Amino acid sequence: DWIRENWKETRKPKVGVIALDISWGRILDRGYGAPEYAEKIGIDWVGIEFVHFTVTEATVQVIRMAAKNPDFIWVQHLNEGIATVLKDAKRLGVLKKMKWMWHPGGITESFLTLAGGVAEGGYAAAPFPLPQDTGSKIDEARRAFLKYRGKSQHHLFDGYYMEAWACAEVAIQAIKIAIRDYGYDNLTGPNILESVFKIKDYDMG
């Protein structure tokens, strides 16, 4: 929606995706109908390329996507994968030929350290609160982090932690609804997924 709302030219914006090759990435191309939704709101969907979860280079995928001349490329990966894709795009000379957008993992300090200058000028979605924000749920998350993870040098109170906390909040509400509507003995993955869309007016704090 943001692309469509901010697009100034008369032609349709062209959008492609580079995603990690697991269900979280492939769901963009099936199930929830991203291509169909793009067409509905007036975006030219040029396709999707998949990279490995532990991607170390994405030369082929970047070349294939760049050949389609997209205006925007969304990278659906974790911060290491996003940084790898962007660095390959720079090495291949296509980084500045389109706008790059990426998953919320790309707003963490660890991502900026990995990506360096190649992240400059890109766009990252931020649907979750950031650690520096304030609010009752953020304070609750911070207390939990300090209690369970605060002494570990391998864990950071960053955007990833807040994303996981927010997703867990939604998951808990969905499970509660599923138990209410279907009963504990009939609890299934599809029932929980369906219940996510029944959540109304839940205050995330």
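**View 1. Asp71 and the residues around it.** Setting aside residues up to four places away in sequence, Asp71 touches Trp7, Arg11, Lys12, Pro13, Lys14, Met98 and Lys99. Keep in mind as you look that this is a predicted model. To find Asp71, go to the loop between helix H4 (59-66) and strand E3 (72-76). Is Asp71 buried or exposed? Its relative accessible area is 15%, so Asp71 counts as buried, the limit being under 20%.

View 2

**View 2. How the strands are joined.** Let's walk along some of the pairings. Strand E1 (residues 14-20) runs parallel to E2, and seven bridges join the two. Look for Val15, whose bridge partner in E2 is Trp45. E3 and E4 are also parallel, joined by four bridges, and here Trp74 has Met101 of E4 as its bridge partner. Met101 also has a bridge partner in E5, namely Tyr123. Two bridges join E4 to E5, again running parallel.

**View 3. The largest nonpolar core.** In soluble globular proteins, nonpolar side chains tend to be buried together. How many residues does the largest nonpolar core have here? There are 24, and those with the most contacts inside the core are Ile18, Leu86, Trp100, Trp102 and Phe111. Two or more residues come from each of E2, H4, E3, H5, E4 and helix H6 (109-115). H5 gives the largest share, five residues.

View 4. Leaving aside neighbours within four places in sequence, Ile18 is in contact with several residues, including Glu49, Val51, Val62, Met65, Ile73, Val85 and Trp100. A second, separate core has eight residues, among them Trp7, Ile41, Phe72 and Met101. You have already met two of these: Trp7 touches Asp71, and Met101 is the bridge partner of Trp74.

Notes:
Residues are numbered from 1 along each chain as its sequence is written. This is a predicted model: local features need pLDDT of at least 70, side-chain atom pairs count only at pLDDT 80 or more; totals for chains, interfaces and linings use all residues. Side-chain values use heavy atoms; hydrogens and water are left out. Buried means under 20% relative accessible area, exposed over 50%, partly exposed in between (1.4 Å probe, protein chains only). Contact means heavy atoms within 4.5 Å. Two strands pair if DSSP finds at least two bridges between them. A nonpolar core is a set of buried Ala, Val, Leu, Ile, Met, Phe, Trp, Tyr and Cys residues joined through side-chain atoms within 4.5 Å.
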